Amino acid sequence: MRLSIDHRTTYRFTRPQGRIVQLLRVTPGNTHDQTVAEWHISVDCDARLREHRDGFGNRTTMLYAEGPLDRLEIAVSGEVVTSHSDGVLHGTFEPLPPAVFLRGTPVTEAGEVLAGFAHRMTEGHSTLGALHALNRALHDRFALDKGRPEPGLTVDDAFARETATPRDLAQMFVACARSLDIPARYVTGYCDLQDGRRPTPHGWADGWVEGIGWIGFDPTLALSPEEHHVRIAVALDAAGCAPVAGSRLGEGEECLDVEVRVSGQ
């Protein structure tokens, strides 16, 4: 499948900013299951862009823009060709051992209630069976919230609600898997199955199965990611692979607007 992606992030400031530094994790990599046909990052002001890789192996771009700036728009667009893999990852750049992804973070530490849910839903299953059971159980438990995720929401607080965003579903999956001693990580990327337009990139999870490797699980869809998904970055939680993060030098407030469009053919 060929997926076309248009991702725009616009900052507006109430007072001009003297300098803006942004870390962008918006560039997909080539694997056995996805090939980047074309990819562009553009900025609506004079800016320096420098490419790197972070500690998780994600492709990153540092953006440096000098002011005065009262707005900044970052436009990401391109096409990626994907193929069917039953959710199993092949040919990804993996600088870290799977055991690193047993580590929790402040927002992904499963409390007694969430850990108990994970154990009940997976009792008697193999590792692979447990991950599939978690994927389905989380999907079935929550109505989907299509809005923008609440910053800093913990998995325990998310689990207490009746609705969940894709980010929160993926982070709950990660927390549940780790509570079962299964390495798991958060994945950010794009998907065209929910709808063609949304206020944020998509999020799902990977779980490690010995003898197979990393396998993707998308509790928003109760499926494993396939040719409708484009992988961008992985980390211990959503904040660790946020598409855009950074700092600014200047007073005043900022307004953030994000628009993502994904279409497949």
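Entry 1, backbone. I started with Pro-68, which sits in strand 4, residues 59–82. The peptide bond between Gly-67 and Pro-68 is cis, and I read an omega of about 5° there. This is a predicted model, so I note these as values of the prediction.

Next I moved to the loop between strand 4 and helix 1, where I found Asp-86. Its phi is near 60°, which is a positive value in a residue other than glycine. I jotted both spots down because most residues other than glycine have a negative phi, and most peptide bonds are trans.

How does the domain assignment divide the protein chain? I get domain 1 from 2–81 + 243–264, and domain 2 from 84–241. Their C-alpha centres are 24 Å apart. I found 30 residues of domain 1 and 34 residues of domain 2 in the contact.

I then looked up the area. Domain 1 and domain 2 bury about 2,400 Å² between them, and 57% of that is on carbon and sulfur atoms. Which residues of domain 1 lose the most area to domain 2? They are Phe-56, Val-260 and Val-262, and together they account for 26% of what the domain 1 side buries.

Helix 1 covers residues 112–122 and helix 2 covers residues 127–141; I see their axes come within 9 Å and cross at roughly 120°. That angle is why I call helix 1 oblique to helix 2. The crossing of this pair, helix 1 and helix 2, is right-handed.

From helix 1, the contact uses Phe-117, Ala-118, Met-121 and Thr-122. Helix 2 answers with Ala-130, Ala-133, Leu-134, Ala-137, Leu-138 and Arg-141. Sorting the contact of helix 1 with helix 2 by class, I get eight nonpolar residues, one polar and one charged.

Helix 4 runs over residues 166–179, and its axis and that of helix 1 come within 9 Å, crossing at roughly 75°. Helix 1 and helix 4 are therefore roughly perpendicular to each other.

Here helix 1 brings Leu-114, Ala-115, Phe-117, Ala-118 and His-119, while helix 4 brings Ala-175, Cys-176 and Ser-179. I sorted the residues of the contact of helix 1 with helix 4 into six nonpolar, two polar and no charged.

At what angle do helix 2 and helix 4 pack? I read about 145°, with the axes 10 Å apart. The crossing of helix 2 and helix 4 is right-handed.

Helix 2 makes this contact through Leu-131, Leu-134, Asn-135 and Leu-138. On the helix 4 side I listed Leu-169, Met-172, Phe-173, Cys-176 and Ala-177. The residues of the contact of helix 2 with helix 4 divide into eight nonpolar, one polar and no charged.

Terms used. Residues numbered from 1 in each chain as written. Predicted model: local features only at pLDDT ≥ 70, side-chain atom pairs only at ≥ 80, totals over all residues. Heavy atoms only, no water. Axes fitted to C-alpha atoms, helices over the stretch in contact; angles between N-to-C directions. Helix = DSSP H or I, 4+ residues; strand = E, 2+ residues; numbered from the N terminus. Parallel < 35°, antiparallel > 145°, perpendicular 65-115°, else oblique. Left-handed = near helix turned anticlockwise from the far one by under 90°. Contact = heavy atoms within 4.5 Å. Nonpolar A, V, L, I, M, F, W, Y, C, P; charged D, E, K, R; others polar. Domains from an automatic or database assignment. Buried area = accessible area lost by both parts, 1.4 Å probe.
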